[in-house]
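Good morning, and thank you for joining this group meeting.

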Amino acid sequence: MRRCNAFFILLFALSCFACAGGNSAKKIPEHITAGTKEMAGGIARYNKGCYQDSLEYFFKAHELFVASDQLSGIAMSLNNIGNVYRITGDFDSALLFFDEAFAIYSDMGDPLGGVQVLSNKVATLIDGDRLEQAEKVLNIAEEMAKKNRILFAPLLTNKGIVFIKKTEYRRAEEVMQTALSNTDPENLLEFAAVNFALGKLMFETQRYEKAVDFFKTALTADRLIGFNKSIADDLDAIGSAYLKLEKDELAINFLKRCVEIYALMGNHKKVQNIMEKLEKASEKTGIDLTITKHFINRWLEGKVLESICE
């Protein structure tokens, strides 16, 4: 599991600035927009894989929202802090921040915000292999969504992933196809997430050609977002599917691109994992990995001329 994190900054920013157009518009006070600007900076860095930097921005946004008593902004910042902790593997911290965000949304009477945060909590519990807890939270979120007539596609995607974990593949596919049909392709984050999840389902059920198609669709969306980690995840998934199809040259093409992104991000563990796949495929095809190794070693040593976090 890698995604389904709900960032609400764009809608919030639009609501702040929508009334600013035209000659008669009132100027929005700076203290109202300051937290939103910090949130945008955090999301930009999160998408690049610069998680420590993004965390600082989200904490700044939280302070600014607290100071001006903007409850929606406070809840959003807590949610996004939780997303950073989740993606960096600190699941217990992530859950604490999601719970606090959910409490605020509940006090505000905002069921959509509540469902979105609960969906992130489900994803975190899945990542932490706490499947029983994930199902309990999923049931609460579904009940809230049903009561308030909310259809939130990432929640369906997470439900499908739970079914995959339980090897209930038919149910997983039914739920994920429903999620896909209710996801706007213009919502790139959600569209990439559901396509990646469907790709994983196809992979698990040995339908590798279909898996490639879904992963490539996710890759196209992630490129448009500029979501570096997810781009690398997509390339890894495509390469792994091609290995299963015994199309080793194609696999190497995608895995080389994948490992270089992880090297730029400084993710040693992922680089090691991908290089093991590349070495085996290289032995079979005779494709030389010297240049790839040169760059990943250079970047892992910190010799990066243009940091992706700047």
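**Salt bridges and a helix pair**

Lys293 is partly exposed, with a relative accessible area of 32%; here buried means under 20% relative accessible area, exposed over 50%, and partly exposed in between, for a 1.4 Å probe and protein chains only. Before I continue, please note that this is a predicted model, in which local features need pLDDT of at least 70 and side-chain atom pairs count only at pLDDT 80 or more, while totals for chains, interfaces and linings use all residues. Residues are numbered from 1 along each chain as its sequence is written, and side-chain values use heavy atoms, with hydrogens and water left out.

Which residue does Lys293 meet in a salt bridge? The partner is Glu279, at 2.9 Å from N to O; a salt bridge is a side-chain nitrogen of Lys or Arg within 4 Å of a carboxyl oxygen of Asp or Glu. This pair links distant parts of the chain, 14 residues apart, with Lys293 in helix 15 (residues 290-300) and Glu279 in helix 14 (residues 268-285). Helices are DSSP runs of H or I with at least four residues, numbered from the N terminus. Glu279 is partly exposed as well, at 29% relative accessibility.

By the salt-bridge rule, the count comes to 16. Another of them joins Glu135 to Lys166, with the closest N and O atoms 3.0 Å apart. Glu135 lies in helix 7 (residues 131-147), and Lys166 in the loop between helix 8 (153-165) and helix 9 (169-181), 31 residues apart. Glu135, Lys166, Glu168 and Arg171 are linked in a network of salt bridges.

Within helix 9, Glu174 and Arg170 are 4 residues apart, so about one helical turn separates them. Their salt bridge brings the closest N and O atoms to 2.6 Å. Arg170 is exposed at 58%, whereas Glu174 is partly exposed at 45%.

I turn now to the helix pair. Helix 3 (residues 51-67) and helix 4 (residues 71-87) pack at about 160°, their axes 8 Å apart; axes are lines fitted to C-alpha atoms over the stretch in contact, and angles run from 0 to 180 degrees between N-to-C directions. The two helices are therefore roughly antiparallel, a term for angles over 145 degrees.

How values were computed. Parallel < 35°, antiparallel > 145°, perpendicular 65-115°, else oblique.
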